[in-house]
Amino acid sequence: MAAVPPPWHLGIDIGGTKVALRAESAGGRTEEHLFPWPHDDGGPDRDLALLADGVATLTARTGDGFQAVGVAMPATVGPDGRVAAWPSRPSWTGLALGPALHALVPGAVIAWADDGDVGALAEAEAADCADLLYVGVGTGIGGGLVLGGRLCPGPGRGSFELGHLVVAPGGPKCVCGRRGCLQAIASGPATLARAGELRGRPVAHGELGEALRAARPWATAAVDATCEALATAIMGVTELLHPGLVVMGGGFTAGIDNLVDRTATHLAPLSRPGRPAPPVAPARLGGLSSLRGAVLLARTVTDRAVPLP
């Protein structure tokens with residue numbers, strides 16, 4: 001008799017300061033675990049050992065292994081399955097990600113995606129929308145696209161790099177080395193830097209929010225430039241792929257009043273006959289989107305493994 005696969009799916013969300021894990025069973029049980037993620041680059045051996053300890057903690061609670069695992073990865077992974085770039089952890093560059101993750105959960109189907117991709121997957125389910133664009137504005141710009149209920153481009157085929165869409169040729173230099181990427185203009189740090197230039201001295205996140213509510217010209221101008229860049233990127237995606245809904249999340253979005261509405265205001269004039277601007281709404285899951293999306297990613301790949309390099 002063939003072995004029955006364990007009824008658990010595991011999601012792992014690797015963030016900047018913490019790692020969150022969530023296990024869901026076929027019978028509706030859930031188990032979660034959270035642990036700190038070091039800021040320093042201590043090497044993949046140390047990091048993978050921490051991840052293995054986290055998986056072991058949940059395995060002890062479930063009493064069983066995992067059928068499939070979805071991982072929200074902040075690194076850029078090349079088509080060969082190797083880490084191409086991870087700014088905060090350069091020692092991971094060149095690591096074959098598939099074998100490293102499979103070693104954490106032997107026998108499970110493994111899939112990984114950018115946090116923006118899995119965020120889109122979770123938000124699409126929450127909104128019951130089969131064609132959805134997710135925009136996450138925080139320390140960087142995350143993005144994800146779901147078409148026909150599936151991630152685009154899909155597990156193992158690269159991520160939807162909305163933050164590196166060039167919206168202003170010759171604009172500010174991005175961490176990727178190019179100029180004019182959306183992330184270099186519309187991320188939280190980029191917006192704060194622009195506000196500081198306009199004000200004449202550094203601006204903290206809370207100060208920007210207060211100044212925006214008080215309609216200070218420098219604050220309004222700084223945020224409007226961010227929203228204009230976001231709207232430009234959203235309309236570019238709309239022209240090509242026609243999402244029915246845009247949702248905006250991320251820490252910076254949550255902390256700035258009316259960022260979603262301001263972006264929608266800038267988006268409306270970019271529409272043209274036959275190509276209306278899609279509706280823009282705040283993310284429903286907030287900070288939980290990446291973790292919930294990682295579990296959903298595990299569910300979508302239960303019957304197929306990501307090819308190993």
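In which helix is Leu212 found? The predicted model places Leu212 in helix α6, which covers residues 205-213. The overall architecture is described before a return to this residue and several others.

The chain contains ten helices and twelve strands. Its radius of gyration is 20 Å, close to the 19 Å that the globule rule gives for 309 residues, so the chain is as compact as a globular protein of that length. Along the principal axes, the C-alpha trace spans about 70 × 45 × 35 Å. Of the 309 residues, 49% count as buried. Contacts were also sorted by sequence separation. Among those between residues at least 6 apart, 61% join residues at least 24 apart.

The accessible surface of the chain comes to about 13700 Å². Carbon and sulfur atoms account for 56% of that surface.

Helix α2 runs from residue 97 to residue 104. Its buried residues are Leu97, Gly98, Ala100, Leu101 and Leu104. Seen down the axis of α2, these buried residues fall within an arc of 165°, so they line one face of the helix. Both helix and strand elements contribute to their cover. The covering elements include helix α1 (44-62) and strand β4 (68-73). Strands β5 (76-77), β6 (83-85) and β7 (109-114) are also among them.

Helix α1, part of that cover, holds Asp47. Is Asp47 buried or exposed? The relative accessible area of Asp47 is 0%, and Asp47 is therefore buried. Beyond its neighbours within four places in sequence, Asp47 is in contact with Trp37, Arg89 and Trp92.

Strands β5 and β6 also belong to the cover of α2. The loop between β5 and β6 carries Gly81. Gly81 has a relative accessible area of 8% and counts as buried. Gly81 and Arg157 are 76 residues apart along the chain. Their C-alpha atoms are separated by 9.1 Å.

Ala124 is found in helix α3. With a relative accessible area of 7%, Ala124 is buried. Residues up to four places away in sequence aside, Ala124 touches Cys129, Leu132 and Val146. Ala124 and Gly78 are 46 residues apart along the chain, and their C-alpha atoms are separated by 26 Å.

Phi of Asp128 is positive, at about 55°, although Asp128 is not a glycine. The relative accessibility of Asp128 is 72%, so this residue counts as exposed.

Asn258 likewise has a positive phi without being a glycine, with a value near 65°. The loop between α8 (251-255) and α9 (259-267) contains Asn258. How large is the relative accessible area of Asn258? The value is 48%, and Asn258 is partly exposed. Exposed residues have over 50% relative accessible area.

A further backbone feature concerns Pro153. The peptide bond from Cys152 to Pro153 is cis. Its omega is near 10°. Pro153 is placed in the loop between β10 (150-152) and α4 (182-186).

The description ends with Leu212 in helix α6. Leu212 is buried, with a relative accessible area of 6%. Which residues are in contact with Leu212, leaving aside its neighbours within four places in sequence? Ala219, Thr220 and Val223 are among these partners. Ile256, Asp257 and Arg262 are also in contact with Leu212. Ala298 lies 86 residues from Leu212 along the chain. The C-alpha atoms of Leu212 and Ala298 are separated by 41 Å.

Definitions and conventions:
Residues are numbered from 1 along each chain as its sequence is written. This is a predicted model: local features need pLDDT of at least 70, side-chain atom pairs count only at pLDDT 80 or more; totals for chains, interfaces and linings use all residues. Side-chain values use heavy atoms; hydrogens and water are left out. Buried means under 20% relative accessible area, exposed over 50%, partly exposed in between (1.4 Å probe, protein chains only). Helices (H or I, at least four residues) and strands (E, at least two) are DSSP runs, numbered from the N terminus. The arc is that of the directions from the helix axis to the C-beta atoms. Contact means heavy atoms within 4.5 Å. The radius of gyration is taken over C-alpha atoms; the globule rule is 2.2 Å times the number of residues to the power 0.38. Accessible areas come from the Shrake-Rupley method with a 1.4 Å probe; for residues, only the protein chains shown count as cover.
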